[in-house]
Structure formats: C-alpha cells, structure tokens
Amino acid sequence: MSVIVRFAPSPTGYLHIGSARTALFNWLFARHYGGKMLLRIEDTDRARSTQEAVEAIYKGLEWLEIGWDETPVHQFDRKDRHIEVAKDLLAKGMAYYCYCTPEELETMREEARAKKLPPRYDGRWRDRSPQEAPEGVNPVIRFKAPQTGDTVIHDLVQGEVRVSNQQLDDMILLRADGTPTFNLSVVVDDHDMGITHIIRGDDHLTNMFRQFSIFKAMEWDVPYYAHIPLIHGPDGAKLSKRHGALGVEAYRDMGFLPEALRNYLLRLGWSHGDDEVISTKEAIQWFDLDHVGKSPARFDFVKLTNLNGHYLREADDNRLVNLVVPFIEKKYEIPVNADARNFLHRGMAGLKQRAKTLLELVENSLFYIAPQPLNEAAQKILNEEGLQILKVMESRLSCFPEDSWTEAKLEEYIRGIAEERELTLTKATQPLRAALTGKNVSPSVFDIMYVLGKDKTLERVRAILQ
RNA sequence: GUCCCCAUCGUCUAGAGGCCUAGGACGUUGCCCUUUCACGGCAGCAACGCGGGUUCGAAUCCCGCUGGGGACGCCA
C-alpha cells in the first residue's frame, strides 16, 4: 500500500507554528515512505475563512520548503458530495432529522452543567417521527452514533485509545442551512482522497471517535491515525500568541532560516537517539511515528536561536547576502550598491559566525555598507591613547604597499608594529576596530581591512582622526 | 463537572527490568584557545513528582495520589 497523507489547515489566520509542525511530520512521513502528501484547505466555515489566510498557508509552506503533491483540495468545493453522503446515511437509517433550536440546545447544555453532567445532546429526536416536527423549524441532520459498548482505536502515537460510546452524542452532519459540518466533510474527503494515514494534533483525538463511526457506517476503510501532542508555551500552557503561536512568516521576519525552524520543530516531540542537528535528508531517512513522544513539549526560543546560529554558519555566503540585503534596505532604508554588496560578500565568512539570527547578521553587517556612528565602547577605546595609536596606524598603513594588502600580510605587519611599540595586540587593534566599525566587537580587523581595501580603510581612519 | 491523554536535569529529550554511580543537546558556571566578539575544546552544576505493589533486581511493569494538558459547538 502506498502512503497518502494530508495536511488540512483551516484558513482562518496565518500558518500557525503548531500547524507547521503537523505539516512537517506529514511531509516527512510521506517522503520517508515514498508516498504523497496532499493539501486540503478546510474552508467550510465561510464566515472565518479568508483568501488571505489561504495565501498565508501556501506562502508559509513554501518558505519552509515543505512541498505538497497534486492540486490542493478546497473542502467547500466538495460540499455537494458531503451532502450526498449525509443523505445516504439518512436513507440507511443511520442519521435522522433533529428539530431542536440552538436555544433549546443551549438550555439543554446549561441544565446538564448545573447537574454536573457532561453537556451533551440528549438524542430527543433520535427515535421521534418527523411527523411531530414543529412548524417553521429547519432541521439539522444528526448521526446515529452507537450508544452502547466501547470504541477502541489503535493510534500510531497514542497507542490503544478506548472510549465508552455513551460519551459520544449524536453529532450534527448537516446544519439547518443544509451545509455540512467538519466531522462529516473530513471523513468524506479523507475517504475520497484515499488518505491512508491521518497525522494531526491530538486536540482532534475525540474527533477520531466520531469520525471513526462515520467510516464504519459508510463501510469505508478506516485510515491509520497518529495524534501528535500539541506544542505548549514556555509556561506549560497552551501556546498563545504571546509566546510563539505566531505565523511562520513571523519567524522569517525575526531572522530565522527555514532549515533551522524545521530542525527545531522536528526535535520537538520526536527524537533519533542523541542526534540534534539533523539534515533534511537524514530526517526523511529517519522519521517514523514510533519515536514521536506522547507528552506535549514547550516551545523554546533560545534553543531555536542556537540551532539557527548553526545553520547560519553553515549557509552559503551568496545566499546570506541575498537574504541580508532586503533586510538592510527595508529596515534601515539604506540602499545597497554593488560595492557594498561586494563588501558584504567578501566579509560574510567573518560575519556569519558571529550571528545567531539574520537580524543580528544584518546589524553586524551595517559597517560594510556605510560608516557607523561610534558606540559608547568605541568612544572609550578612542580616547587620547587610542587616538595616538590610531595615528600611528594611519601613517604606517599609508605606506603599506597596496599589492600586499591581504589579511595575512596585514596581520604580520600590525603584529610587528605592536611589538615595536610594546603594545599588546589588543591595544593595537581595538582603535582600528572602533574606527572601522564604530564598535568594540566585530570580525577580525585584518579581515575587515582586507575586505574594505586600502583606500576605504584609510579613509575611515582619517575621518576619525580629523 | 464528565471523558481522554501525559509525567526523566530549568527546557527538548535518550532510556522499551539488570548495560543507569541515568546519556546527549540548549541554557548556565569555570577554564583553555584568542586582536575584540563569536566559533571550537575541556570541566562543573543540574532530573527519574509522591506513595504502594510485582520482581533476586524498576526510570522502565501494575495500582492509587498529585500535578499538567486536551476534548466536551448548527468552529475547524
């Protein structure tokens, strides 16, 4: 049997980080088994679904480099088929019309709650004749759920999950306005799309039982289920916007790399021995449902950031330049010309090992684009003594041959000057660093001087000396 | 309230009865490397929620408690 999974988000907002993880797990599972991952937009809630959200989902998945197979299915387009199945269930006597009004149901629930009973529909129209229907009430169609016994399902992550059928009430299949509800649509679509494995958040665990009953009533093959635990915030509560339930594009804007986010999300709830840094190739090779944990994990920005630093250091210089430039132009409104771009490119090797996010990288790159104002520490370095040293450097560097202007030769030269003046290397280089970058912290000064070239280096040093 | 699920360092986790004086990673502390800062290296601190069983032996199995989470819509 070839594996077919689906990622089925509802387009009511951005692509939430938890959904992104669900998508990732589905994708890895499909790739691992050489199967397909289909995309289904669950847009049956017309009031809340938006086209912007649909776009956000596509964009988010694209940014994460999680591809899907075939044309996405829009659930609402399949409404007629869902209705057809509901009618079929009705004809088979496995569903019935219910004439309760929303108000009636509300009082039913309130009474149940008052008696400390679970708030559920009591099935009052289950065996009543439609002849008794009150006038002017559009009925809903309810599913005749099994009332006795237990339903036992073997979930690939949760193990054997059992629930008493008394816990399940008769869910609504078709609303009073004739539109299908979620549980019906999902089952029909999963069946029609040939889904073999349903991998989704464990907030759907109870839906599994309802959906299972519909599969059985229709005599359809039931797919395998895998309910993965939800992601929690740092405080252990459900992930909220406050702590990270942001759209993936927010992570992009915070300067994270997609491969870092994927790696982080993968390790949140899944493990492969002691492996932490896992390439996509390895992830596909290793991913399985057996090693998905059952307990919810807390989202940890610090660890994500660390992982991002790793992937930043590993990233290709050219790619990084391409990522950094738009940030600079947008955030700092500094146009990046060809010269500046070239500096960035040549300086990237030194730059990238000192940043954990793209934002940091951008911030640290700025001095290559244009001279930066001295920060407090740089001003301190350039005190009387520092300026003296800088003056020496200026005159000595002026007569340093341009064709020897390389990192290694510059280092040798400046080490010589320091020795001759009985200065520590730190004393000798810090004024240069401050003058060149405006900061006390930066990549190697020799590297910077080399990248900037003799003219630009001296130009900046002289600007400080004036 | 009812039902379901979960429980190892601060966090993510390894661990499927003896390999555990519980391993790795992030974070943290100290040291080394070093032109600054990073990177890297080394070392340290740090956990099996509690109580009962089962067993020669339990982090691992069973029960209870406690704590956390999720679900109970004409939302998905």
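Axes are lines fitted to C-alpha atoms, for helices over the stretch in contact, and angles run from 0 to 180 degrees between N-to-C directions. Helices (H or I, at least four residues) and strands (E, at least two) are DSSP runs, numbered from the N terminus. This is a predicted model, where local features need pLDDT of at least 70 and side-chain atom pairs count only at pLDDT 80 or more. Residues are numbered from 1 along each chain as its sequence is written.

**Exercise 1.** Classify how helix 15 and helix 18 are oriented to each other.

*Solution.* 
1. Locate the helices: helix 15 spans residues 384-398 and helix 18 spans residues 445-465.
2. Take the geometry: their axes come within 10 Å and cross at roughly 130°.
3. Apply the classes: under 35 degrees is roughly parallel, over 145 roughly antiparallel, 65 to 115 roughly perpendicular, and the rest oblique.
4. Helix 15 and helix 18 are therefore oblique to each other.

**Exercise 2.** Describe the contact (heavy atoms within 4.5 Å) between helix 15 and helix 18.

*Solution.* 
1. Helix 15 contributes residues including Leu 387, Leu 390 and Glu 394.
2. Helix 18 contributes residues including Met 449, Leu 458 and Arg 462.
3. By type, the contact has eight nonpolar residues, one polar and four charged.

Terms used: Chains are lettered from A and ligands numbered from 1 in the order in which they are written. Side-chain values use heavy atoms; hydrogens and water are left out. Ala, Val, Leu, Ile, Met, Phe, Trp, Tyr, Cys and Pro count as nonpolar, Asp, Glu, Lys and Arg as charged, and the others, Gly among them, as polar.
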